[in-house]
Amino acid sequence: MSDGFDRAPEQTRPLRAPPSSQDKIPQQNSESAMAKPQVVVAPVLMSKLSVNAPEFYPSGYSSNYTESYEDGCEDYPTLSEYVQDFLNHLTEQPGSFETEIEQFAETLNGCVTTDDALQELVELIYQQATSIPNFSYMGARLCNYLSHHLTISPQSGNFRQLLLQRCRTEYEVKDQAAKGDEVTRKRFHAFVLFLGELYLNLEIKGTNGQVTRADILQVGLRELLNALFSNPMDDNLICAVKLLKLTGSVLEDAWKEKGKMDMEEIIQRIENVVLDANCSRDVKQMLLKLVELRSSNWGRVHATSTYREATPENDPNYFMNEPTFYTSDGVPFTAADPDYQEKYQELLEREDFFPDYEENGTDLSGAGDPYLDDIDDEMDPEIEEAYEKFCLESERLSLVMFGGLDFSRCK
């Protein structure tokens, strides 16, 4: 069986074997040996690989998609193989989503014509999004696009409805999954993060044409967080932190619009976990950092303010890069201090940072610089004597190092 490399006909060159101990080496006198030293030539081996060998692919890699995707699923034995090949291609080259998703959807419209085919398509995308960690975001984008562009809508439900039904199957066993073994929890965490990506990316058009998010996913994420915090193992808490970093700001805005205090309850629960749970120190630090992030409005400037309109009232990070000053008593203060102006003016007057100078440097205050006035053009006698000794010693060392040669006369 070929290994991907074609072997060219062997080209051999007679190689001279090195002399053995029994071979007689002619004796040379010392003069001829010095005049013509022996040169040992290393043997040259010719490669047996051909430049015309076919392109090599690692085992398990399929290049069929890149060669035949333009022809649609006709070149594939089954729809499943075509879809899986596209998903693998998208996983390896996520940047191709924008250029190839339209053609992929058109191909599916010609191939997915039955309820079973649509159900199989949903399952393939779901499995890819929950088994490949880096595909959850791309999978959510793919689901959003197909939910708007697939034309098939059987009685069992359209693409989005079947997708949500598949997610519900996993959602209904959330409590058992959150307290299951490590493998079960890992699969459950992948589902949780994929559902978070779906909530952010799945667009639903209302009756008036407005685009909204799926409220059912918002409710589901709240219950999933409850399941994670109810079983405060390290990996469950880490998953909860990832989910809140991903969706926390959007969830809190949505809850506030409805007058709900769900985020306040979640933050209170996190604080209780930090105090009572037997989780690791690193996970507790992660939870505290999340509380800190939420207290700064998830790191956002207020939505109604642009960067130029940021003020201490609407931007919690307004004074983040301001320098720290100190009063005469050593008390630190920054621009966030209410008495900043008075303290800063007092500092300027005390230090006299800006003396009265004209642009040409003339002192207008009538007094010279006390530091510059103390500078004398002449050396102190003791310093001058030490300097002369240094010069003489340097000259002596130079003569010793260079043998007394005068390099100035060298040409």
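1. The side chains of E265 and R222 meet in a salt bridge, with 3.0 Å from N to O (a salt bridge is a side-chain nitrogen of Lys or Arg within 4 Å of a carboxyl oxygen of Asp or Glu). E265 lies in helix α12 and R222 in helix α10, so the pair ties together parts that are 43 residues apart in sequence. R222 is buried, with a relative accessible area of 12%, whereas E265 is partly exposed at 47%. Here buried means under 20% relative accessible area, exposed over 50%, and partly exposed in between, with a 1.4 Å probe and protein chains only.

2. The model is predicted: local features need pLDDT of at least 70 and side-chain atom pairs count only at pLDDT 80 or more, while totals for chains, interfaces and linings use all residues. Residues are numbered from 1 along each chain as its sequence is written, and side-chain values use heavy atoms, with hydrogens and water left out.

3. The secondary structure of the protein chain comes to 16 helices and four strands. Both kinds of element are DSSP runs numbered from the N terminus, helices being H or I of at least four residues and strands E of at least two. Of the 411 residues in the protein chain, 31% are buried. Among contacts in the protein chain with a separation of 6 or more, 61% come from residues 24 or more positions apart; contact means heavy atoms within 4.5 Å.

4. A search of the whole structure finds 13 salt bridges. Side chains of opposite charge can pair when their charged atoms come close. One of the salt bridges joins D215 and K258, whose closest N and O atoms are 3.8 Å apart. D215 belongs to helix α10 (residues 215–230) and K258 to the loop between α11 (234–257) and α12 (262–276), so this pair ties together parts that are 43 residues apart in sequence. D215 is partly exposed, with a relative accessible area of 45%, and K258 is partly exposed at 44%.

5. R294 forms a salt bridge with E264, and the closest N and O atoms are 2.7 Å apart. This pair links distant parts of the chain, with R294 in helix α13 and E264 in helix α12, 30 residues apart. R294 counts as buried at 16% relative accessibility, while E264 counts as partly exposed at 36%. Salt bridges that share partners join E252, K256, E264 and R294 into one network.

6. How do α12 and α13 pack? Their axes are 10 Å apart and the angle is about 150 degrees, which makes α12 roughly antiparallel to α13. The contact is made by residues including E264, I267, I270 and V274 of α12 and L287, L288, V291 and R294 of α13. The crossing of these two helices is left-handed, a term used if the near helix is turned anticlockwise from the far one by less than a right angle, with right-handed used if clockwise. Axes are lines fitted to C-alpha atoms, for helices over the stretch in contact, and angles run from 0 to 180 degrees between N-to-C directions. Angles under 35 degrees count as roughly parallel, over 145 as roughly antiparallel, 65 to 115 as roughly perpendicular and the rest as oblique.

7. A further helix pair consists of α5 (residues 115–131) and α9 (residues 182–201), whose axes come within 8 Å and cross at roughly 110 degrees. The helices α5 and α9 are therefore roughly perpendicular to each other. Y126, A129 and T130 of α5 make the contact with A190, F191 and F194 of α9.

8. The loop between α13 and β3 holds N297 and W298. Most residues other than glycine have a negative phi, and most peptide bonds are trans. N297 counts as partly exposed at 28% relative accessibility, whereas W298 is buried at 9%.

9. Where is R300 placed, and what does its side chain contact? R300 is in the loop between α13 (281–295) and β3 (325–326), and its side chain makes a polar contact with the side chain of D253 at 3.0 Å. A polar contact is a pair of N or O atoms within 3.5 Å; within protein, one must be able to donate a hydrogen and the other to accept it, and residues adjacent in sequence count only if both atoms are side-chain atoms. R300 counts as partly exposed at 27% relative accessibility. R300 and S249 are 51 residues apart in sequence and 8.9 Å apart in space, C-alpha to C-alpha.
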